[in-house]
Amino acid sequence: MNGGLASSNLRAAFSHCVQQVRSYDYHHYLCLLELPPSMRKAAFALRALNVETARAMDIASDPRIGLMRLVWWQEAIDKMFANKLIEHPTAQALSSVIAETKLSKIWLKRSVEARINDAKREVTDMPESIGELEKYAEDTVSTMLYLTLQAGGIKSTVADHAASHIGKASGILLLLKSLPYHATRNRHFSYIPTAIASKHGLIVKQGDGEERWVDSREGLCDAVYDMASVANAHLEKARKLAASVPAEALPVLLPAVPSQILLDSLRKVQFDVFDPRLTGGVLGIPPLWYHLKLKWTSWRRKY
């Protein structure tokens, strides 16, 4: 392939990544626009990968096809690091980033493996504790922040710790927001830990010892409140580290802003994830207001 054609194809691949993130992860798309231009290519390629793996099961007509797609991405990462050509725009963009920045293969594969393990769960196989959800959120969301920091050449233990907390908060809150969607696919409580569900009467034991899920709107709101409180604690921990985070890492940590906005939106609807107000605008607030909050936080060099 001649240089001009290769360059043209690569530009098209990165353009594809930007469009994917804009279409399916709009609140993070706006966060990435606040990054320095030198960091945006890598960030969009990573987020596009996250879009591909996060949507794999949702867009598949058969769960087995979705799982096959996730396994394909797991194998594609090995090929990227072996410098093998893959005929997929997101993979091509990510291959270019890997060649330029030497991203961590472990973190990339961990993010896909977590999706695969989640896809293999049975409908009745619920997480036992909030700790399991925190690990899933770290493996799928925090890893994207770690990799973006790495791609930007930012080496900071404090920034990594902040990214860990922000990723956990974001992951938990987005899982809560997705509960109504999963209810339409007969996975009503698929991401509510059994310990929290039992505490709020969503699980009761029957005479034969079997457990039965109870459809209680009040109990669900209480369970969502408990989980959102864990996410809020992570955001608070991340912000306590802000004074020690290197200035160049601050834009990478801006996803704390949409997490806080979603948390505030949940509070306004008394943690009722089925309230239609949560689906309006961007994470429950008008798009212009979201833009202003993000811009204001970025301008103040906060997250």
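My entries on the domains, their interface and the cavities follow.

**Entry 1, ground rules.** I noted that this is a predicted model, in which local features need pLDDT of at least 70 and side-chain atom pairs count only at pLDDT 80 or more, while totals for chains, interfaces and linings use all residues. Residues are numbered from 1 along each chain as its sequence is written, and side-chain values use heavy atoms, with hydrogens and water left out.

I found 20 residues of domain 1 in contact with 25 residues of domain 2, contact meaning heavy atoms within 4.5 Å. The area buried between domain 1 and domain 2 is about 2000 Å², with 68% of it given by carbon and sulfur atoms; buried area is the accessible area (1.4 Å probe) that two parts lose on being put together, summed over both. Of the area that domain 1 buries against domain 2, His27, Glu34 and Met39 supply 29%, more than any other three residues.

I then asked how many salt bridges the rule finds across the interface of domain 1 and domain 2. The rule finds one, where a salt bridge is a side-chain nitrogen of Lys or Arg within 4 Å of a carboxyl oxygen of Asp or Glu. I also noted that Glu34 forms a salt bridge with Lys295, the closest N and O atoms being 2.9 Å apart.

I counted three cavities of 30 Å³ or more, a cavity being a set of points on a 1 Å grid over the protein atoms alone where a 1.4 Å probe fits but cannot get out, with lining residues having an atom within 4 Å of a point. A volume is the space filled by probe spheres set on the points.

The largest cavity has a volume of about 80 Å³, and its lining includes Cys31, Arg47, Met144 and Pro251. The lining of the largest cavity draws at least three residues from each of domain 1 and domain 2.

The second largest cavity, with a volume of about 40 Å³, has among its lining residues His27, His28, Ser170 and Leu283.

Terms used: On a 1 Å grid over the protein atoms alone, a cavity is a set of points where a 1.4 Å probe fits but cannot get out, and a pocket is an open set with protein on both sides within 12 Å along at least five of seven lines; lining residues have an atom within 4 Å of a point. Domain bounds come from an automatic or database domain assignment.
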